[in-house]
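I set out to record what I looked up in this structure. The entries below follow the order of my reading.

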Amino acid sequence: MFRRSLTLAGRGLAASRSRTLSSLSFLSEDHAKVYDHSTNDPERFWGDLARERIDWHQPFNTAMNCDMNAGKIRWFEGGKLNVCENVVDRHARLDPNRIAFIWEKDEPGDVERVSYGDLLESACRIGNALRARGIQRGDRVAIYMPVSPLAAASMLACARIGAVHSVVFAGFSAEALRNRIRDAEAKAVITADEGVRGGKRIPLKSIVDAALDDGACPTVGDVFVMTRTGSDVKMMHPRDVKLEEAMSEQPPTCPAESMDSEDLLYLLYTSGSTGRPKGIAHTQAGYLLYTGVTHQNAFDVRSGDIFACVADIGWITGHSHALYGPLFNGVTSVLFESVPTYPNPGRYWEMVQRLRVTQIYTAPTALRLLIKSGDSHVRKYDRSSLRILGCVGEPLNVEAWHWYHTVVGERRCTVVDTWWQTETGGIMLSPRPAPTGTQPKPGFPMLPFPGIRPLLVDSNGAEIVGNDVSGLLCIRGAWPGMARTIYGDHERFLNTYFRPYPGLYFTGDGAYRDVDGHYRITGRVDDVINVKGHRLGTAEVESALDEHPDVAEAAVVGFPHEVYGEGIYAYVILKDTFAPAGTMDDIVKSMKGIVKSKIGSFAVPEIVLVTPGLPKTRSGKIMRRILRKVAANQTDDLGDVSTLADPAVVEEIKSRHVELMKEREYAYGRKE
Ligand code: PRX
């Protein structure tokens, strides 16, 4: 039945181009049949979709060639395609005036609309400009830009000429940017004079200059600078060129490279449990298909929709749901440059009213922040255009779920809490699509997407069967959107995802499966934390703190935070040689400063506790379990500390923590 309806939906290429989106939706199908077919015969399921939905230069030979034991993932081998053509040209050809992007700039109402025709022209001009400067297929290009149509066009230009984009969130520091450029050996950087967020300017070009300073990135030959604010920035000739000028010198058409399905499309750096970020590598056809199909079906995307993913393009959510997913589906994507509270906590909803947004996709941390500001900021705007309320990045707590559903969605909209990761490329668990009549459940991403087989295992890798159970979340079998490697470090890829539980993909998350078989994510089981929806390795923060001249050792953990999901708590031992040059407050301030400059302000610990020691086992391993408990104020429940080399240190840490909490309470009380 599923096969039949797909065939009916797209008789030949011409028919498929003019079809309505909903004809390819799983939502109208019998969900159990779709799911069973997708998992019993993934090759056929994904193969049919790939033939149906992608414009190929050359058809693929084999839909699926994957060996999960060996971490070898290949989809649609033998096929040739161009991703930019698939997301832009096909719509520009049919309907050049259809709006691809609404750029909602930092100031409310400061809006620019970009049609598919305009977007094609920009991507072509940038592609030509890159080629003119010697960037070729396979070369890496770093993009450090504000959320903007030209940032999106730069990503698409890379895809068009076969270059590999590596977008770095424009909140990372110069040093973090430098490390990512060096790891990717990028040949060019595309940036802007300045970024603007929440009324504040961010000197992006100077940060790029600092990152490239002193020949730190010898592979970079060219820096393209988009004009965002028009502020006067230093241009270094011949390295630097204004992006718009370079574009104006180029023709508006650009031949698209014919890429192999498994060529790299992009790298996106994300945090792991060691200090070094991982360049997650996604390839062409599999990512495109998976992102497009999950976007369409999880959010019930229909022709004419105005989809607002408010995530920055520097994260995977922005890649898949501000850019590739909506454009693959030919709808309009809102590019949101600002923050949820600027100029006031009504910003999202005022924008929804003004732009007639049909789906909004945000993070729980933003919702929790807005809840605190009261319902009046929501209620005063007309939200009748909204159908779906999406969420991602961290657990959506039940209270926030209800607020989203009742206050924002007037009990009329579907709350879609999606679970996925940079590594998965697209949505893995989501309340939609679902069997008819299934109601979303607060706090639960709930159900696997067609083709996805989640399972829970214990720490020995044994599958935990049945319902009402918790365990480590793994995925059995491959799916097209999954990462193919960690750039330059395939061993690390295998060690992180495939070797812990052979034959399975290990997510790094724990999960609970309830009596109905629905999944809830309980959080990371490794040393990765989720702060304000940003994923961060505690080891990254530790290595930044370690560079402070007075720090002998640092241990960083997350603690439950009312608004941010998790907050960052750093335990720091000072060197014996330490001679105070100021007050302890000054020293803590300078420690925070070093984290800001090494990573970015979002990684700065909220709490720094100076301690004479850390709880270590006799073999010298830090017992983070104890540090997490103290940070969470659970000091009465520390469990067995008898295996520690020096159990007395725990008492010292506890009393210093209690003292620090009192001081903070006092300081906050005084501020109010
Ligand atoms: O711990 C999970 C959490 O975010 C992690 C992935 O982070 P990142 O690669 O930055 O991608 C975030 C956006 C796709 C996961 O391992 N996470 C993501 N979505 C959810 C979630 N935790 C609970 N519920 C979710 N819906």
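The notes cover the ligand site, a group of strands, the cysteines, a histidine and some backbone details.

**Basis.** I worked from a predicted model, in which local features need pLDDT of at least 70, side-chain atom pairs count only at pLDDT 80 or more, and totals for chains, interfaces and linings use all residues. Residues are numbered from 1 along each chain as its sequence is written, and side-chain values use heavy atoms, with hydrogens and water left out.

**Ligand site.** I first listed the residues around the ligand and found 17, where a residue is near a molecule if one of its heavy atoms lies within 4 Å of it. The closest are Asp 417, Thr 418, Thr 422, Asp 509 and Arg 535. By class the shell holds 6 nonpolar, 6 polar and 5 charged residues; here Ala, Val, Leu, Ile, Met, Phe, Trp, Tyr, Cys and Pro count as nonpolar, Asp, Glu, Lys and Arg as charged, and the others, Gly among them, as polar.

I then looked up polar contacts (pairs of N or O atoms within 3.5 Å; within protein, one must be able to donate a hydrogen and the other to accept it, and residues adjacent in sequence count only if both atoms are side-chain atoms). A polar backbone atom of Gly 393 is 3.1 Å from a nitrogen atom of the ligand. Oxygen atoms of the ligand lie 2.9 Å from a polar side-chain atom of Gln 421 and 2.6 Å from one of Arg 535. The ligand taken alone exposes 550 Å², of which the protein buries 95%; accessible areas come from the Shrake-Rupley method with a 1.4 Å probe, and for residues only the protein chains shown count as cover.

**Strands.** Which strands pair with S22? I took helices (H or I, at least four residues) and strands (E, at least two) as DSSP runs, numbered from the N terminus, and two strands as paired if DSSP finds at least two bridges between them. S21 (residues 453-457) runs antiparallel to S22, joined by 5 bridges, and Pro 454 stands opposite Ile 475. S24 (residues 504-513) also pairs with S22 in the antiparallel sense, over 7 bridges, with Arg 476 opposite Leu 504. In S22 (residues 469-476), 6 of the 8 residues are buried, that is, under 20% relative accessible area, with exposed over 50% and partly exposed in between (1.4 Å probe, protein chains only).

**Cysteines.** I searched the whole structure for disulfides (pairs of cysteine sulfur atoms within 2.5 Å) and the search found 0. The closest cysteine sulfur to that of Cys 124 belongs to Cys 254, and at 5.1 Å it is too far for a bond. Cys 124 is buried at 2% relative accessible area. For Cys 217, the nearest cysteine sulfur is that of Cys 158, 17 Å away, and Cys 217 is buried at 5%.

**His 282.** This residue sits in strand S15 (residues 278-283) and is buried, with a relative accessible area of 0%. A polar atom of the His 282 side chain lies 3.3 Å from the backbone oxygen of Gly 481.

**Backbone.** I noted a cis peptide bond from His 237 to Pro 238, with omega near 0 degrees, and another joining Tyr 342 and Pro 343, with omega about -5 degrees. Glu 185, not a glycine, has a positive phi of about 50 degrees and is partly exposed at 44%. Asp 300 has a positive phi near 50 degrees but is buried at 19%.
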